[in-house]
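Please consider the following points on the structure shown below.

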Amino acid sequence: MAMKNATQQVVRALESSLTRSLHASPGSKKIVGVFYKGGEYAGQNPNFVGCVENALGIRSWLESQGHQYIVTDDKDGPNCELEKHIADAHVLITTPFHPAYVSADRIRRGKNLELLLTAGIGSDHIELPAAAAAGLTVAEVTGSNTVSVAEDQLMRILVLMRNFLPGHHQAISGEWDLAGIAHRAYDLEGKTVGTVGAGRIGKLLLQRLKPFGCNLLYHDRLRVDAALEEELGAAFEEDLDAMLPKCDVVVLNMPLTEKTKGMFNKEKIAKMKKGVIIVNNARGAIMDTQAVADACKSGHIAGYGGDVWYPQPAPKEHPWRYMPNNAMTPHISGTTIDGQLRYAAGVKDMLERYFKGQDFPEPNYIVKEGKLASQYQ
Ligand SMILES: NC(=O)c1ccc[n+]([C@@H]2O[C@H](COP(=O)([O-])OP(=O)(O)OC[C@H]3O[C@@H](n4cnc5c(N)ncnc54)[C@H](O)[C@@H]3O)[C@@H](O)[C@H]2O)c1
């Protein structure tokens, strides 16, 4: 019986995907975008396109073709702006920075939905199996902000390794206490740095770390080819649990999936060296929130830095705001002005192709014809 239901579901997904996702239905479209608010900063830089007010810089282009473009930051709760517009939207553009969680229920309410676009990288805020079953196409702007994130990770590694934050705090608060900084400030040279995930961002980080004279390790589902491995100067570690105790610094660079959710729990953290530095710009929910806070408090983790939380925006009482030795910020690394310009251009390119019934660049697809991209399976 269960088997029969599963088969029926797959058939339905395939049928609806053929009708709903291959091409745009004819006529003008309603496009809804959910971005963070620019407020007083919106007018300060014409390239600040990632905010609600500047709406990826595509409003006049869309409206000149007769499409309707609604943009909001109001994404949560039954009375939010997004809910008002989801019922007749054809395209929903969301972003990981201010994620509109696209649940199976929301997808059901979006009866006209054909396309879910992520302005950026990482579509884990969308219930992907539900999108696949509903025959929607999900795509993101693969590669758009990978450099932005790799540079940020390098910065956070250095900030934590050098114990920069208490020093800066002293500078602005009128103190002068060298010992309070120096007793736990180290050079990065000679340290072992391991990345968990060596896809686009992981490889860029390894390239950037090479001149620092570190011992570089990587763990991934897939081993990169030997020539690239040599160029990166990083050794493959097939067994994550064998890599973790070797690392002075662990950086997370894999997507949030059913397999990686909560992966770094108390037990995994206990496998790491006492005094490890962790940098996570991948996704907050890959970590067990409380286990990280406890390990920072006990000193097992000497520093935890990153820009991703669950949920987002992080509530005032989120324990990572208050744990010692954290280098946390709001979700910012992939939304530099350069990153915004690249993901805005990528969204425009995909909309143009969608209107013309053309395919997207293959690496952008997260759900296509009822099937999830391999990194999300
Ligand atoms: N903070 C930000 O602003 C920001 C911006 C962009 C991306 N990201 C996050 O970074 C992630 C990585 O981005 P990317 O462009 O490098 O993606 P990618 O797809 O190029 O690389 C991901 C890598 O993770 C590996 N992987 C997947 N599951 C794994 C597992 N269970 N164990 C080990 N390895 C696994 C894959 O094989 C792949 O090599 C994104 O999914 C997103 O969540 C964050």
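1. UniProt, in an unreviewed entry, lists residues 63-358 as "domain: D-isomer specific 2-hydroxyacid dehydrogenase catalytic"; UniProt positions are given in the numbering used here, feature names are shortened, and annotations may be inferred rather than shown by experiment. The end C-alpha atoms of this span lie 20 Å apart, and its content is 36% helix and 16% strand. Helices (H or I, at least four residues) and strands (E, at least two) are DSSP runs, numbered from the N terminus.

2. The model is a predicted one, in which local features need pLDDT of at least 70 and side-chain atom pairs count only at pLDDT 80 or more, while totals for chains, interfaces and linings use all residues. Residue numbers start from 1 along each chain as its sequence is written.

3. The domain assignment divides the protein into domain 1 (19-143 + 336-372) and domain 2 (146-328), with bounds that come from an automatic or database assignment. Their C-alpha centres are 30 Å apart. The contact between them takes 8 residues from domain 1 and 7 residues from domain 2 (contact: C-beta atoms, placed from the backbone, within 7 Å). On the domain 1 side, the residues comprise 1 nonpolar, 5 polar and 2 charged. Here Ala, Val, Leu, Ile, Met, Phe, Trp, Tyr, Cys and Pro count as nonpolar, Asp, Glu, Lys and Arg as charged, and the others, Gly among them, as polar.

4. An open sheet of 7 strands runs in the order E8-E7-E6-E9-E10-E11-E12 with parallel pairing (strands pair if DSSP finds at least two bridges between them). Strands E8 (234-236) and E12 (326-328) stand at the edges with a single partner strand each, so one side of each has no neighbour in the sheet. From one strand to the next, the twist averages 20° (axes are lines fitted to C-alpha atoms, and angles run from 0 to 180 degrees between N-to-C directions).

5. Within this sheet, E6 (residues 192-196) pairs with E9 (residues 249-252) in the parallel sense over 4 bridges. Gly194 stands opposite Val250 in E9.

6. Which residues come nearest to the ligand? Of the 30 around it, these are Gly122, Gly197, Gly199, Pro255 and Gly334 (near: C-beta atom, placed from the backbone, within 6 Å). Helix H6 (146-161) and helix H9 (200-209) are the elements that give two or more residues to the shell; H9 gives the most, with 3 residues.

7. The shell around the ligand divides into 10 nonpolar, 14 polar and 6 charged residues. Domain 1 and domain 2 each supply at least three residues to this shell.

Methods: Two residues are in contact if their C-beta atoms, placed from the backbone, lie within 7 Å.
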